Amino acid sequence: MKENNEQLSALVDNEIVDYEVFDMQLLDELITNQQQQKQFSRYHLIGDVMRGDVSDQFLNIDISQQVMAKINKQTPSAQVSELDTAVNKTGTKEGANIVSFAKRFSQYAIAASVAGVVVLTSLVTSQPGVENGSQGLEVLNTVPFGGAVSPVSLQATHMQSKQVIKERNERLDALLKDHQLQLQIQP
Amino acid sequence: MKLKLLFTRLLTVFLVAASSAIFAAEVSEEVKVSEKTVEKEEALTAIEYLQLMQKSYKDLNYEILYLNSLENQVEPKQLIHGVVDDQEIAYFRFLNGAMRESLQYAGKISYFEQGTQAYTLESTLNRSVFSNIANFDYVKGQDSYEYIILGKGRIAGKQAIAIRMLSKDEYRYSYIIWLDVDSYLPLRLDTLNKSNLILDQVMVVSLLISEKVNPWLEKLSKQQLPQLLNLPRASQQEASQWKVNWLPTGFNVIRNDQHKLVMHENEPVSYIMLNDGIVSVSVYISAKKIALDEKQKIIQRGATVLYTYQTGDIEINIVGEIPIVTAKRLVESIAKVE
């Protein structure tokens with residue numbers, strides 16, 4: 001086996017000088033033996049890496065998927081089951097993909113247009129909006145610029161605790177960011 | 001304008017001289033044709049201006065400095081655009097605060113930000129500042145907008161003409177687009193609501209057009225890009241179990257899937273994206289996590305609205321640059337797919 005590997009390595013590196021000596025059996029084995037095939041491709045990969053031919057992407061994805069698969073095995077996603085009304089089960093592997101994507105995702109792209117929205121949200125209410133006209137709607141409707149009125153009065157609804165409001169803001173923030181993310185990855 | 005007239009006159013004289021050698025009858029015809037083109041150039045219609053703007057925005061080499069105003073905040077930004085090897089290249093950056101840049105070239109867009117790892121996405125759509133009006137199909141858009149020439153003015157030291165895109169109903173915002181009369185490049189874009197309040201404004205303060213592409217862009221086009229991220233498309237194969245039964249004129253459903261809110265506990269949501277060529281609207285349908293005191297809630301900033309509606313144990317959120325009435329009507333029309 002070891003000897004075979006050596007020969008394989010030589011084959012990959014084009015180092016076989018004397019083809020007479022080179023065991024034709026090895027090639028036959030390569031065609032049939034899966035283990036050998038893997039070894040063969042691994043040698044090629046090593047060669048590629050050393051020559052710098054491999055794109056980072058190829059390597060990274062390979063690793064991250066393996067890692068994420070392991071992580072997912074350990075923590076079966078619990079939140080999926082509680083939501084069968086709105087959303088179907090989403091495969092764990094896909095989730096892994098998204099997580100790695102989100103980690104890369106820079107704040108700037110999403111923050112650019114929505115930053116600060118959430119700081120202002122929920123806590124702020126005003127009189128029923130002029131535009132929507134209906135009663136009892138909370139509207140935050142500030143004049144964009146030019147220094148005109150900003151009807152921003154602080155009137156947190158009595159029923160909600162600070163904690164709830166905070167959680168809610170975080171979720172709205174996530175929605176806005178996701179909106180930006182979806183815009184960005186729009187085909 | 002005088003120069004232009006002079007030029008056309010010269011051209012006519014030339015044509016007359018050239019063709020009189022051959023046929024006298026043809027001469028008069030040629031003159032008529034050139035007179036017609038003069039008339040046409042003097043009275044472009046609004047839609048012709050807009051279409052010329054689209055072409056210029058794509059084809060020219062230019063650099064603009066502009067201000068983006070939103071609720072008392074003014075953000076200065078820069079865009080350098082050029083054409084390298086018949087392909088558009090656009091470099092964008094924020095001028096104040098942390099370094100935030102992007103580069104779009106050859107079907108890819110890369111984002112760079114101070115302190116985070118840069119990344120690249122595949123993207124064929126132009127993403128730069130005026131891209132929504134530069135990509136819009138104005139002929140089709142006549143179903144939902146009227147285009148009216150408002151008048152002339154001066155922006156960024158250039159002669160400008162203002163064109164209003166007036167929404168035909170209350171379900172979308174209206175816009176005023178200012179164009180440079182010489183190059184047709186956009187100089188200012190106002191987003192207006194029904195009562196003509198400016199919700200969002202982009203205003204160019206400096207415009208430089210050059211014959212040749214900016215050497216910096218040429219250099220950038222040869223630069224190696226950061227790692228290309230593959231999009232989490234896998235999770236989007238399954239359509240959401242919801243549908244929107246009413247759409248404002250011109251809007252289409254362009255995405256319908258289920259994914260997770262990666263920024264928030266990986267919460268699963270059903271997702272529908274609507275688009276009318278100018279704005280994109282996201283519809284989220286999810287389980288109700290935190291009950292609101294009231295059934296609905298509206299948050300608005302500039303042109304962006306976030307409308308939340310709760311019914312039963314379902315929560316619907318709508319995000320996008322649309323008036324509140326539109327969001328409300330959309331919510332009312334959402335139904336579960338049987």
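Guide: Two strands pair if DSSP finds at least two bridges between them. Strands themselves are DSSP runs of E, at least two residues, and helices are runs of H or I, at least four, both numbered from the N terminus. What you're looking at is a predicted model, in which local features need pLDDT of at least 70 and side-chain atom pairs count only at pLDDT 80 or more, while totals for chains, interfaces and linings use all residues. Residues are numbered from 1 along each chain as its sequence is written, and chains are lettered from A and ligands numbered from 1 in the order in which they are written.

Visitor: What makes β16(B) and β17(B) a pair, and in which sense do they run?

Guide: Six bridges join β16(B), residues 296-301, to β17(B), and pairing asks for at least two, so they qualify. The two strands run antiparallel. B:I298, for instance, has B:Y307 of β17(B) as its bridge partner. The two strands form a hairpin with two residues between them, and B:G302 in the turn has a positive phi of about 55°.

Visitor: And how do you know that β17(B) pairs with β18(B)?

Guide: Count the bridges again: β17(B) and β18(B), residues 314-320, share seven, in the antiparallel sense.

Visitor: Why is β17(B) called mostly covered?

Guide: A residue is buried if 20 or more other C-beta atoms lie within 10 Å of its own, exposed if 12 or fewer, and partly exposed in between, with C-beta atoms placed from the backbone. In β17(B), residues 304-311, six of the eight residues are buried.

Visitor: Which residues other than glycine have a positive phi?

Guide: B:D86, with phi near 65°, and B:Y184, with phi near 70°, are examples. Most residues other than glycine have a negative phi. B:D86 sits in the loop between β2 (73-84) and β3 (87-94) of chain B, while B:Y184 is in the loop between β9 (174-180) and β10 (186-192) of chain B.

Visitor: Which are the edge strands of the open sheet in chain B, and what makes them edges?

Guide: The sheet has 11 strands in the order β6-β5-β4-β3-β2-β1-β11-β10-β9-β8-β7 (chain B), with antiparallel pairing. β6 (116-122) and β7 (145-155) of chain B are the edges, as each pairs on one side only. The twist averages 15° from one strand to the next, with axes being lines fitted to C-alpha atoms, for helices over the stretch in contact, and angles running from 0 to 180 degrees between N-to-C directions. Within this sheet, β8(B), residues 158-167, pairs with β9(B) over six antiparallel bridges, and B:I161 stands opposite B:L179 in β9(B).

Visitor: What lies across β2, β3 and β4 of chain B?

Guide: Helix α5(B), residues 215-222, running at about 75° to β2(B).

Visitor: Which residues have the most contacts inside the largest nonpolar core?

Guide: A nonpolar core is a set of buried Ala, Val, Leu, Ile, Met, Phe, Trp, Tyr and Cys residues joined through C-beta atoms within 7 Å. The largest one has 32 residues, and those with the most contacts inside it include B:V283, B:L306, B:Y307 and B:V331. Among the elements that each supply at least two residues are α8 of chain A and β17 and α6 (324-332) of chain B. Leaving aside neighbours within four places in sequence, B:V331 is in contact (C-beta atoms, placed from the backbone, within 7 Å) with B:Y307, B:Y309, B:I316 and B:I318.

Visitor: Where is confidence lowest and where highest in chain A?

Guide: pLDDT is the predictor's confidence in each residue, from 0 to 100. Chain A averages 55, and 29% of its residues reach 70 or more. Strand β1(A), residues 124-125, is lowest at a mean of 33, and helix α8(A), residues 162-184, highest at 80. Over residues 106-157 of chain A the pLDDT is below 50. Where pLDDT is low, the predicted coordinates should not be read in detail.

Definitions and conventions. Contact = placed C-beta atoms within 7 Å.
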